[in-house]
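Student: Could we go through this model together, one question at a time?
Tutor: Gladly! Here it is.

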Amino acid sequence: MRGSEAFIKTMIKQGTDKTFGYPGGKLIPLFDDYLEFEDKINNILVRHEQGAAHAAEGYAKASGKPGVCLATSGPGATNLVTGIMDAQMDNIPIIAVGGQVATKQIGNDAFQESDMIGVTAPITKHNFQIRNAGEIPPKVTKAYHLCRTGRPGPVYIDLPSDTQMQETNADIPEKVNIVSYNPQIKANPDVIAKTAKMLLNAERPMILAGGGVICAEAAKELAELVELTKIPVATSMQGKGAIDERHPLSLGMVGMHGRKVANYASIETDVMFAIGCRFSDRITGNLDTYAEKTKIIHSDVDPAEIGKNVDVELAVVGDAKSVLADLVITMKHYIEKELAGNSSNYSEWTKKMKQYAKECNCNGDIDSHPVNPKKIIHEVNKRLGEKDIVATGVGQHQMYAMHFLRMRHPRTFISSGGAGTMGSGLPFAMGAKVAKPDVNVFDIDGDGSFQMTMQELGTCKEHNIKTMPIIFRNNYLGMVRQWLELFKDKRYSQVNLPKKDPDFIKIAEAYNLKGTKIARASEIGEGIDNAMKDEETHVLEIDVEEESNILPMLPPAGNLKDAFGGCMKSPGKYF
Amino acid sequence: MKHIHIISMIVEDNPGVLAKVTGLFARRNFNIDTVTVGKTDVESHTKIVIVVSANNNILEQIEKQCNKLIDVLEVKELPKEDATISELCLLKLEKKDDAETGSMKEIAEESGARMIDSGEDCILFEISSTPDKINEFISSMKKYNILDISRSGVTGIICK
């Protein structure tokens, strides 16, 4: 068989049945061989390679399986770069494949040649170029293994056209062994014991669950820990959904636009157990004052994260599922032995935090005109099925979604965190729907973000991928405008978008899809219902208050205690 | 407090590995003083020795981040007290007259350097020693006209 066939067979063996890709000269052999395997694997032809990369991310986030995107050499592959970088920042397992010029042309500025190994080295977990067809099965198998194990991440494969055409008899392996790569799964039992003791002896403990808990499929173990210990739990953005946000001990998200109860807990806690979280600057604010009064127990599968941003009292290296399971067993034992039916040291704290979590709940049912963005989230929350998925673009609309949506399960909230990539919303939703065709998939988007990748409406139409983009139209690049209002006295520069252009409903109709324009709060519920009833992708364009601000907010590199706005009584006064 | 640290790593001899390692240092803002790269006793392995100037926190991050690179097999610090550190230096000087050449050779011999070549207008010395001793040798030759210096950077091994 030739190299491209070996590539496809390896992908199939690894469980891939859908890819997102766009052809070109240097991918002709590969897509030619796709025609032989139509019963086993299908490519979804996108309209821009960036759409393919984000769709692969959305697919991976929703399913837990590696997403695959394919592009031709040169500009095709470079169009994948933003999505690859996004996947690296948020630890999303994707395989990005780029066609490449023939090996003897490499390095000669050939037509559509680009040094993708050089370009993607800083933004991938690993990358390699395959120059020999016989190496395709082991290297592609290695790529899958790397992308989905340990700390997940993107792997880029450069595939020269002559390698695709070369004949090989190589076997397709089941798995590979990588000498230098052995992520630690089980944590040291002494460290687990110390963690258990520290938490039980704390007066104001909290758990901070990050995206790693979801990557490790550890939501069940986290819930068990919370039920057993009654320790309140907050999440980072990527951890949203790791715990049911309607649980009485769920504090919601921490950080720059986080819920005040979660940030309050971060300030007051004496022992914080952070798991699968990397302490991004969006959640710590000023590192000099972050968690000043707190002993941090940091658990992560990647030892390089521990001690990178914050000083740590105790390091627990291991896979989140294994760590949480071990911790539950250990804590059960201590609770029975040492508490023996008495209440914990921190029962007052738990009671207080439950009370605050209840109070920290804005009523989003606001009927004002122009539309308050909270109203849209309120109407979505009402209709969200337990397993329904919400993807978002990047900007104010994203922060409204992040702050006010209540997600109940992992893999239901897909939002670009570390990279903050505008335009990721629609293709994320597209990929998620391909992975989970039986749930509703919403895309909370902005007029700025949506325009960056709206050509993927064409992909949604052609492949019957039903998504529901809800565009918060405020005629501004809202988040930047907010910063200019709050920190630069409204010295607006480069943040205005035209009031009538484009008409997003006409854009939907140009793709033979339907859309609904909404200008009043009372129309929103019905609009969403119509979108849900539509069998195809349905675009909602909702005019919202142009200069609304998403608050509360931490000033950039600010101290957590200086958060302001929203329902905070006054800056720094949490309750 | 920033100190000089010597990091020795074994990497797989794959295309682009050196670029990946130095790229990592560049984007994480780790300051490279010198780099040496060469073969080891294992054919598919390459040894890279990097001298960095960093405090202890940064050093820990350097080791951990390097370990994350899939092509990197092993990373360790070579503690200056335990490791034998060596560097090669080629020093080119202007040749004036026999008397001066003679004094140069005397100084060289004291430092453990040797004259390895000479042309019409230049003399070439080679010294292989610790970086400090090389610095001393260069200082002692400054009174003559130094035309060019080429230093290899540091490599090292522990042999106790």
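This is a predicted model: local features need pLDDT of at least 70, side-chain atom pairs count only at pLDDT 80 or more; totals for chains, interfaces and linings use all residues.

Student: Which residues form the salt bridge across the interface of chain A and chain B?
Tutor: The rule finds one salt bridge across this interface.

Student: What area do chain A and chain B bury between them?
Tutor: The contact takes 17 residues from chain A and twelve residues from chain B. On the side of chain A, His126(A), Ser180(A) and Ala304(A) supply 37% of the area buried against chain B. Carbon and sulfur atoms carry 53% of the buried area between the two chains, which is about 1,100 Å².

Student: Now for a sheet in chain B. Which strands are at the edges of the open sheet?
Tutor: Four strands of chain B form this sheet, with antiparallel pairing, in the order 6-7-5-8. Each edge strand pairs on one side only. Strand 5 pairs with strand 8 over ten bridges. The edge strands are strand 6 (114-118) and strand 8 (146-158) of chain B.

Student: Which helix of chain B lies across strand 5, strand 6 and strand 7?
Tutor: Look for a helix running at about 5 degrees to strand 7 of chain B. The helix spans residues 98-111 and is helix 3 of chain B.

Technical notes
Residues are numbered from 1 along each chain as its sequence is written. Chains are lettered from A and ligands numbered from 1 in the order in which they are written. Side-chain values use heavy atoms; hydrogens and water are left out. Two strands pair if DSSP finds at least two bridges between them. Helices (H or I, at least four residues) and strands (E, at least two) are DSSP runs, numbered from the N terminus. Contact means heavy atoms within 4.5 Å. Axes are lines fitted to C-alpha atoms, for helices over the stretch in contact, and angles run from 0 to 180 degrees between N-to-C directions. Buried area is the accessible area (1.4 Å probe) that two parts lose on being put together, summed over both. A salt bridge is a side-chain nitrogen of Lys or Arg within 4 Å of a carboxyl oxygen of Asp or Glu.
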